[in-house]
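Subject: Structure for you to look at

Hello,

Here is the structure I promised to pass on. Please open it next to this email, and then read on for what I found.

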Amino acid sequence: MKIDTDGCLQQADRCRFIASPNYDERPDNAEITLLVIHSISLPPGKFGGEGVIELFTNRLDPEIHPYYVAIADLKVSCHFFIHRNGEMIQFVRCRHRAWHAGLSNWRGRSCCNDFSIGIELEGSDATPFTEAQYSTLTALTRCLQQHYPIADIAGHADIAPGRKTDPGPCFDWARYQASLEKP
């Protein structure tokens, strides 16, 4: 994998790009030093549909599912989304600030969107993630670490404690960290 100077992953066979309108410019001189791992499924606990894509592109129809009524007007995004089968979508170029972290703080710095890349895994707090997801996440993380001065990796729950729980108890942090240490 390779990231171009615009912040776009350059492997069409591994990642497709679907532009989200939910982003803006990062602050001047903001270095990307944090990866934030999230999980999402729409409707909650259901996998494989178009709900996440529709949410991140502002096309979520509140009449499709009762849960969508409460979230249809949200303006959120992430940089990357990894499906259960390991396929990936990029919604926002890395050079831009995706709207994934919300009210957040990491190591005394607020507004984590300013200095982070958000990676969403298709999943929930109650469902283990797949081998394909860990494999893609590891490859993507290594690629991002080669391109940006990433010093930390945290979960959404770590940067927004009490407000968020993802990626949840089924995310195997030890497995993920060990995979990053392998050559």
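Which residue in β9 stands opposite isoleucine 82? That residue is leucine 121. Keep in mind throughout that the model is predicted.

The sheet

Let me start with the sheet. It is open and has six strands, in the order β1-β5-β4-β9-β3-β10. The pairing is mixed. β1 (15–17) and β10 stand at the edges. Each has a single partner strand, so one side of each is left without a neighbour in the sheet. On average, neighbouring strands are turned by 25° against each other, direction ignored.

Now look at β9, residues 116–122. On one side, β9 pairs with β4 (residues 80–82) in the parallel sense, over three bridges. Besides the pair named above, phenylalanine 80 of this region stands opposite isoleucine 119 in β9. β9 also runs parallel to β3, and seven bridges join the two. Here leucine 35 faces isoleucine 117 of β9 as its opposite residue.

Is β9 enclosed or open to the outside? Seven of its seven residues are buried, so β9 is largely enclosed by the rest of the structure. Both faces are covered. Ser116, Gly118, Glu120 and Glu122 lie on one side, and Ile117, Ile119 and Leu121 on the other. In a regular strand, side chains alternate between the two faces of the sheet. Note that the buried set includes Glu120 and Glu122.

Helices on the sheet

Two helices are worth a look here. α3 (131–147) lies across β3, β4, β5 (88–90), β9 and β10. Its direction is at about 170° to β9. α5 packs on the sheet too, touching β3 and β10. The direction of α5 makes about 160° with that of β10.

α5 spans residues 173–181. Which of its residues are buried? They are Tyr176, Ser179 and Leu180. These three cover an arc of only 100° around the axis, which puts them on the same side of α5. An α-helix has 3.6 residues a turn, so residues three or four places apart point the same way. The buried residues of α5 pack against β3 (34–40), α3 and β10 (152–155). The face turned away from that buried side carries Ala174 and Glu181, which are exposed. At the start of α5, a side-chain oxygen of aspartate 172 comes to within 3.3 Å of the backbone nitrogen of alanine 174.

Cysteines

How many disulfides are there? The count is zero. The sulfur of cysteine 94 has its closest cysteine sulfur in cysteine 8, 8.1 Å away, which is too far for a bond. For cysteine 143, the closest cysteine sulfur is that of cysteine 94, at 8.1 Å, again too far for a bond. Cysteine 94 is buried, at 0% relative accessibility. Cysteine 143 is buried as well, at 5%.

A glycine in a loop

Last, find glycine 49. It sits in the loop between β3 and α1 (51–56). Glycine 49 counts as partly exposed, with 36% relative accessibility. Its C-alpha atom is 24 Å from that of glycine 155, which is 106 residues apart from it along the chain.

Best wishes

Key. Residues are numbered from 1 along each chain as its sequence is written. This is a predicted model: local features need pLDDT of at least 70, side-chain atom pairs count only at pLDDT 80 or more; totals for chains, interfaces and linings use all residues. Side-chain values use heavy atoms; hydrogens and water are left out. Buried means under 20% relative accessible area, exposed over 50%, partly exposed in between (1.4 Å probe, protein chains only). Helices (H or I, at least four residues) and strands (E, at least two) are DSSP runs, numbered from the N terminus. The arc is that of the directions from the helix axis to the C-beta atoms. Contact means heavy atoms within 4.5 Å. A polar contact is a pair of N or O atoms within 3.5 Å; within protein, one must be able to donate a hydrogen and the other to accept it, and residues adjacent in sequence count only if both atoms are side-chain atoms. Two strands pair if DSSP finds at least two bridges between them. Axes are lines fitted to C-alpha atoms, for helices over the stretch in contact, and angles run from 0 to 180 degrees between N-to-C directions. A disulfide is a pair of cysteine sulfur atoms within 2.5 Å.
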